[in-house]
Amino acid sequence: MKQRLDRDTMGMRAAKELKDGDCVNLGFGIPTLCALYVPDGVRFETEAGLLGYGRLVMADEIDQADWHYIDASGRFCTPAPGMAIFDVVTSFAMIRSGRLISIMGGFQVSERGDLANWNTGGDALGGTIGGAMDLAVGSRMVIITMEHTTKEGKPRIVKKCTYPLTAKESVDLIVTDLAVIEVTPGGLLLKEVAPGWTADEIQGLTEAELIISPDLKEVEL
Amino acid sequence: MINKIFASFDEAVADIPDGAVIAVECWGYPATPHNLIAALKRKGTKDLTIITHCFIPQVFSEEHAALPAVLLPQMKKLISPIVGIMRLGAGGFVKEYVEKGMEVEIMGHGTLAARLYAGAAGLGGIYDPIGVGTILEEGKEKRVIKGKEYLFQEPLKPDYAFIAGHKVDKLGNLVYRGNYRSDQPVMAMAAKVTIVEVEQIVEVGDIDPEHVITPGIFVDRIVLIPPDGLGTPEKGRAVIDQLTQIESVRDLLFGKAD
């Protein structure tokens, strides 16, 4: 049966890109779910100055929350063996020097890999930049997880972003609830589709033109 | 030895003039110098420029904590990478003040850090690859260096920095805890006058020199957070209780991780 991938499955698919030794910054939303599915040896970074923190504090454990440890989404997290603490000058040297992988949410991605993920309003008060611009420009690999279409059914993968950009030509891989798409110098390469979906159907929900991979397959987890 | 210890937060901020530029760390409720912010609010200093990592609405009682947002009526300008939280209405809470003339300057968090470092180190500014091709280009000099585009960003040199520290010796050698460190060392270096509120004051020699994060030369004033001060662990619990009453905030901070 034709279904869209749920948010957990999207997180699981994005997490599959990571391997032992990778350091990754997870943004708000679906990316946070990746933490549950990463292989051993992957470490998490927050731009506020932690590398290698442990699991998040959940609602029923609030009493144990330590105010001093907060992840990239502003949630309480726990210290873990091997964790390092540093200031933002050090943190953004990590981010901007290509040592990290970034998994972020997105509003729109263009056919050239332009990313819009901080603002839908068009003025400074319509959104929040935080570390997103630094992460998009500086990361070794940028993975965007987002629903393939908006709530109104409009494509999020577009020829040209209509929302204010976070960064130009920065996205490497897009994981949606329908497809896995790689941004290549030649264009957007459709590599995987959700079970039951055809490449034509995905193209129908995508404004930018897709190149169909000769190895097109169902999403692999 | 010069005495850097002030008896009260009010005395520590007493000389801050109208129009002052102040760097204040804030990462949600934590990593925030609540007591210094509250003292500046009591003083009523006007036309402030506030430089902060995170500017979000004060959704809990000021009896427990004070975020930079409590200074909104006293502000002329805000410089921050985070103005509001998208899921909680973005920067809507600031709109009323913008309509009355408050200026808002936004930028990436790493750009803020680099501009503060430039201010501290006496650099004339930075050429920054972040923001190229975005609305942040507006009004900025663009320069191509070795084939790559950069935007010129001016240094930030605050008049004051408000710092939330963990432990300090009487010379001002300072230790933070967890990611309270964050923007604070570079803010302390960039500001002309750095004021620290701290959980613990110890004798000179009690902090291992290998552990000092901000050397005392960057710390001008120290105030000990009293047991009934803001931002203490007890008041933190009260803040959590209030936050968990607000559904959207509860989901964001403590819900299932999505």
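1. Let's start where the two chains meet. In this predicted model, 54 residues of chain A and 57 residues of chain B take part in the contact.

2. How much area do chain A and chain B bury between them? The figure comes to about 4,600 Å², and carbon and sulfur atoms carry 65% of it. As background, the accessible area lost when parts come together is often quoted as the size of an interface.

3. Turning to chain B by itself, you will find seven helices and eleven strands. Its radius of gyration is 19 Å, close to the 18 Å given by the globule rule for 258 residues, so chain B is as compact as a globular protein of that length. Along the principal axes, its C-alpha atoms fill a box of roughly 55 × 45 × 40 Å.

4. Of its 258 residues, 56% count as buried. Taking contacts between residues at least 6 apart in sequence, 77% join residues at least 24 apart.

5. Lastly, the surface and the charges. Chain B has an accessible surface of about 10,600 Å², with 52% belonging to carbon and sulfur atoms. Its side chains include 27 positive and 34 negative ones, and the centres of these two sets lie 3 Å apart.

Methods: Residues numbered from 1 in each chain as written. Chains lettered and ligands numbered in written order. Predicted model: local features only at pLDDT ≥ 70, side-chain atom pairs only at ≥ 80, totals over all residues. Heavy atoms only, no water. Helix = DSSP H or I, 4+ residues; strand = E, 2+ residues; numbered from the N terminus. Rg over C-alpha atoms; globule rule 2.2 N^0.38 Å. Buried < 20%, exposed > 50% of the residue type's maximum accessible area, 1.4 Å probe, protein only. Contact = heavy atoms within 4.5 Å. Areas by Shrake-Rupley, 256 points an atom, 1.4 Å probe, with all protein chains shown as cover. Lys, Arg positive; Asp, Glu negative; His and termini not counted. Charge placed at Lys NZ, Arg CZ, Asp CG, Glu CD. Buried area = accessible area lost by both parts, 1.4 Å probe.
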